[in-house]
Amino acid sequence: MFNRLQEKFSKIFNDIRGHGKISEENISKSIREIRIALLESDVNYKVVSSFINRVKDNALGAKVFDSITPGQQFIKIVLDQLIDFLSSDQKDFNFNKSGTTFLVLAGLQGSGKTTTSAKIASFLKREFNKKPLLVAADLERPAAIEQLRTLSKSNNIDFYSDQSSKAIEVVANSMRYAKTNKNDLVIIDTAGRLHTNNLLMDELKSIITLTSANEIFYVADGMTGQDAVNSSKLFSDMVNLTGVILTKMDGDSGGGVALSVKEVTGCPIKFITTGEGINKFEKFNPDSIARRILGLSDILGLVEKAQKNFDQKNAQELEKKIISNQFNFNDFSNQLKQFSKLGSLAEISSFIPGLKKIKNFDFNENQFKWLEAIIGSMTNKEKENPSIINGSRRARIAKGSGRTINEVNRLIKQFNQLKSLMKKTKKMKLGRFPFKLN
Ligand SMILES: Nc1nc2c(ncn2[C@@H]2O[C@H](COP(=O)(O)OP(=O)(O)OP(=O)(O)O)[C@@H](O)[C@H]2O)c(=O)[nH]1
Ligand SMILES: [Mg+2]
């Protein structure tokens with residue numbers, strides 16, 4: 001979803017993580033690179049300045065470079081600022097506490113209003129036990145009513161439309177219908193419109209007034225980049241929006257929009273949609289979005305986990321072994337077991353520096369199983385002294401583990417590469433093996 005930004009941040013962060021010590025100059029360089037990354041990813045330039053200033057104040061103010069883990073500390077500051085940047089006080093859906101809740105969806109043509117209205121109905125029905133009514137108030141596009149009827153039907157949601165010639169009349173009638181039909185939530189799908197269309201903008205305003213709408217969401221197409229931000233701003237100047245929904249975030253240009261919208265419009269992003277299916281819809285969660293934008297997935301959570309799980313004493317012994325070149329297959333196998341306690345191997349391996357450089361080291365769950373099988377077929381002597389594993393031993397190990405000789409050869413080669421890589425990285429902090437975090 002945020003591929004472009006993720007790639008850039010991952011490069012910047014790897015760079016700063018790679019320094020044992022960090023100077024004010026390193027920090028300034030990273031901050032400069034973040035600025036460029038954001039601008040290149042289509043984040044509004046004013047938003048970039050404001051974000052960069054916050055990071056700068058915090059990073060330099062906190063004297064990150066004096067801390068024990070400066071790289072990590074810096075990343076944490078960027079993450080915290082980003083979360084703060086994306087967060088809002090009005091994060092929950094605003095239900096009418098004393099009666100029917102009205103939600104109006106507005107936006108440009110084709111931005112995703114109709115599909116989103118069904119998604120949101122389905123979400124609120126599931127999560128809050130609501131009885132939503134979808135109202136077809138788009139009388140501009142001939143097929144619009146049928147589109148919403150079909151969506152309602154296939155998702156088991158109540159639907160209202162009638163023959164009135166004006167959208168406002170449909171809405172008024174739907175309010176009466178909701179009462180008799182006992183719908184506690186009415187979602188109004190409106191026609192696409194430009195903010196310059198006075199007639200349609202007046203219509204929208206009168207729908208909002210008539211229903212005393214509790215939520216007015218602007219539906220912005222995330223694929224249109226800064227245009228989505230600009231149009232959100234134009235709408236928010238004319239109508240009292242309570243939130244923005246970003247659609248089509250499965251595309252690649254959504255990152256810049258997600259970062260810009262709140263700062264530019266003052267409206268929080270409430271939901272995002274990530275595909276055509278009814279469930280391709282999620283609540284906008286600043287914490288998780290920030291982590292995804294920064295490509296951190298959950299590295300901080302992972303660090304905590306790693307620190308809890310990695311036995312200090314083991315780690316010290318291990319480091320000794322690495323330095324004296326005694327790292328063997330038993331240690332390797334132990335390390336694999338440690339990894340597996342932490343979660344998805346594929347995810348973890350992406351945080352292990354150098355691992356990607358080892359040819360064919362596709363570190364997935366299956367490979368983990370057969371690595372274990374191969375190591376399990378070695379004798380104790382072989383595990384402790386990998387150098388004695390000659391051709392005939394390899395053939396026996398292959399047979400015993402049900403793998404091919406080629407696979408055994410590959411494992412031994414990878415093991416040797418890993419061993420020399422670890423020796424090179426012996427600077428690493430104890431207790432954190434094999435994560436090079438700073
Ligand atoms: N890839 C992707 N496509 C989406 C998403 N949301 C909506 N679409 C598609 O975008 C197109 C337009 O969606 P609609 O819901 O009809 O948009 P609308 O704003 O109601 O359009 P008008 O009523 O014509 O103004 C449809 O083909 C949807 O399937 C999304 O999150 N991802
Ligand atoms: Mg529509």
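Predicted model: local features only at pLDDT ≥ 70, side-chain atom pairs only at ≥ 80, totals over all residues.
Residues are numbered from 1 along each chain as its sequence is written, ligands are numbered from 1 in the order in which they are written, and side-chain values use heavy atoms, with hydrogens and water left out.

The side chain of arginine 141 puts an N or O atom 2.9 Å from a ligand 1 oxygen, and a polar backbone atom of glycine 275 is 3.0 Å from an oxygen of ligand 1. On its own ligand 1 has 650 Å² of accessible area (Shrake-Rupley method, 1.4 Å probe), and the protein covers 82% of that.

Around ligand 1 sit 19 residues (a heavy atom within 4 Å), with Lys113, Thr114, Thr115, Asp250 and Thr273 the closest. By class, this shell has eleven polar, seven charged and one nonpolar residue; Gly counts as polar, Asp, Glu, Lys and Arg as charged, and Ala, Val, Leu, Ile, Met, Phe, Trp, Tyr, Cys and Pro as nonpolar. Helix α5 (residues 113–128) gives the most to the shell, four residues, helices being DSSP runs (H or I) of at least four residues.

Notes
Polar contact = N/O pair within 3.5 Å; in protein donor to acceptor, adjacent residues only side chain to side chain. Helix = DSSP H or I, 4+ residues; strand = E, 2+ residues; numbered from the N terminus.
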